[in-house]
Amino acid sequence: VVPDAVNVDELARRWRPHTVVGADAVPGRELAPKPVDPGSPAYVLFTSGSTGHPKGVLVAHQNVAALVDASVERFEIAETDRFSQMFDTTFDLSVFDMFVAWERGACVVCPPPKALLSPARFVRENELTVWFSVPSVALFAKRLGALAPGSFPSLRWSLFCGEPLPAELAATWAAAGPQATLENLYGPTEATVFCSAYRWDPSTSPAECVNGIVPIGAPVPGTTMVVVDEELREVDAGCDGELVVGGRQVALGYLDEEERTAAAFVRLPARRGVYYRTGDRVRRPERDGPIAFLGRRDEQVKVNGHRVELAEVEAALREAAQTEAAVALAWPRTEVGASGITAFVSDTQVTPVSMRRALAERLPPYMVPREITVLHRFPLTANGKLDRSALLQRLEAGT
């Protein structure tokens, strides 16, 4: 549809598989935007959650508008930008690729199926300026040897979201795109794509990482983040707690799920508005420092009566294996927790025996994995994240 063109013959010849219509076929009154209530649902995205029962997240027009407004300003998007498009439309991160680009008339480059096998080539051949993906895609590129310094001369922005970003991977990618600014973005679907950001600085960021994971930074304009205890009371600076998020990007709730909505979307003492309980454990910063990501609340487990942070085990595994990908699972399970820990790491030259020996020097005995399996390729979800459930199913099947 080219409403400004009187003659579309040349366009029709150029794009023969398509039907091209011009001004004479589209009355202007039919193109007028329809009035929309900003508080009404724009779309519903389903997330499986820890129970496997899908939850339909109701995202309002005003939630998306707030994200787009904050993004185009933060990233100074122009019509000359060229965006990657690494997500299915069932994944909320795709909202950024499409709507932020189109807000400024930028180009969205849809990758061919083989692009995931060679993301570096995809960036170079299409002269992308804005890269956005989950860290697992970058990890795959690194394993293929595709992140040599200076590999991405066209990039202005390197953006990662959807899962924890290892510090070593951030440093490697930043060197591959030396002209680009790298940011770690954070946000659950219930807070509309991302609601906080952390800008990577090679000189200062490594010291701000906790357990080898890049911080999630500070909230974007219009968003409020509070770190609370189990009673939803704000914790002191420097203390750990659950992250709750309030502001313009917080969704309406869950579709036809009043009970689950009431449990997740709450009100805090002495604060106005509704806050979403993310279930993520973070460390409240001291002074002007960034918010540090510590892991999921459900990743804090009991192993033979001891409280264990699986994120801490994974950090030690990455260091011992000299790799960026490591997953620790509480296994075998018991009625009150687990009797041990089983781990998986990506390709490494370090043997499991050597890893366990190194871990024994750093961790108490109950935190040292009983078994460590080296995988040539980690299972990934449809959205490209490390699939912990698939690894757990592997253990349950005894394979």
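How many salt bridges does the structure hold? The count for this predicted model is 19.

One of these pairs is Arg-74 with Glu-183, whose closest N and O atoms lie 2.9 Å apart. Arg-74 is partly exposed, at 28% relative accessibility. Glu-183 has a relative accessible area of 0% and is therefore buried, the cut-off being under 20%.

Arg-277 in strand E14 and Glu-242 in strand E11 are 35 residues apart. Their side chains meet at 2.7 Å, N to O. Glu-242 counts as buried, with 6% relative accessibility. A further pair is formed by Asp-240 and Arg-281, with the closest N and O atoms 4.0 Å apart. Here Asp-240 belongs to strand E11 (residues 240-247) and Arg-281 to strand E14 (residues 275-283). Asp-240 is partly exposed, with a relative accessible area of 33%. Arg-281 is buried, at 12% relative accessibility. Asp-240 and Arg-281 also belong to one network with Arg-283 and Glu-309, joined by salt bridges that share partners.

Empty space was examined next. Rolling a probe the size of a water molecule over the atoms shows where such space is left. One cavity of 30 Å³ or more was found. The largest cavity has a volume of about 50 Å³. Its lining consists of Ser-136, Leu-139, Phe-140, Arg-143, Arg-377, Phe-378, Leu-380 and Leu-386. By class, five of these residues are nonpolar, one is polar and two are charged.

The second largest pocket holds about 430 Å³ of space. It is lined by 21 residues. Closest to its centre are Met-86, Leu-116, Val-137, Ala-382 and Gly-384. The lining of this pocket comprises 14 nonpolar, five polar and two charged residues.

On the surface, a nonpolar patch is formed by Val-44, Phe-46 and Leu-255. Together these residues have about 260 Å² of accessible area. Phe-46 belongs to strand E1 (residues 41-47). With a relative accessible area of 54%, Phe-46 counts as exposed because the cut-off is over 50%.

Most residues other than glycine have a negative phi, and most peptide bonds are trans. Thr-192 is not a glycine, yet has a positive phi of about 60°. Thr-192 is placed in the loop between E7 and strand E8 (196-199). At 1% relative accessibility, this threonine is buried. Asn-211, also not a glycine, has a positive phi of about 60°. Asn-211 is found in the loop between helix H7 (205-208) and strand E9 (218-219). Its relative accessible area is 26%, so Asn-211 is partly exposed. Finally, the peptide bond from Trp-331 to Pro-332 is cis, with omega near 0°. Pro-332 lies in the loop between strand E18 (326-330) and strand E19 (333-334).

Definitions and conventions. Residues numbered from 1 in each chain as written. Predicted model: local features only at pLDDT ≥ 70, side-chain atom pairs only at ≥ 80, totals over all residues. Heavy atoms only, no water. 1 Å grid on protein atoms, 1.4 Å probe; cavity = no way out; pocket = protein on both sides within 12 Å on 5 of 7 lines; lining within 4 Å. Points joined across faces, edges and corners; volume = space filled by probe spheres on them. Nonpolar A, V, L, I, M, F, W, Y, C, P; charged D, E, K, R; others polar. Patch = residues over 30% accessible without salt bridge, like charges linked within 9 Å, V, L, I, M, F, W, Y side chains within 5 Å. Areas by Shrake-Rupley, 256 points an atom, 1.4 Å probe, with all protein chains shown as cover. Helix = DSSP H or I, 4+ residues; strand = E, 2+ residues; numbered from the N terminus. Buried < 20%, exposed > 50% of the residue type's maximum accessible area, 1.4 Å probe, protein only.
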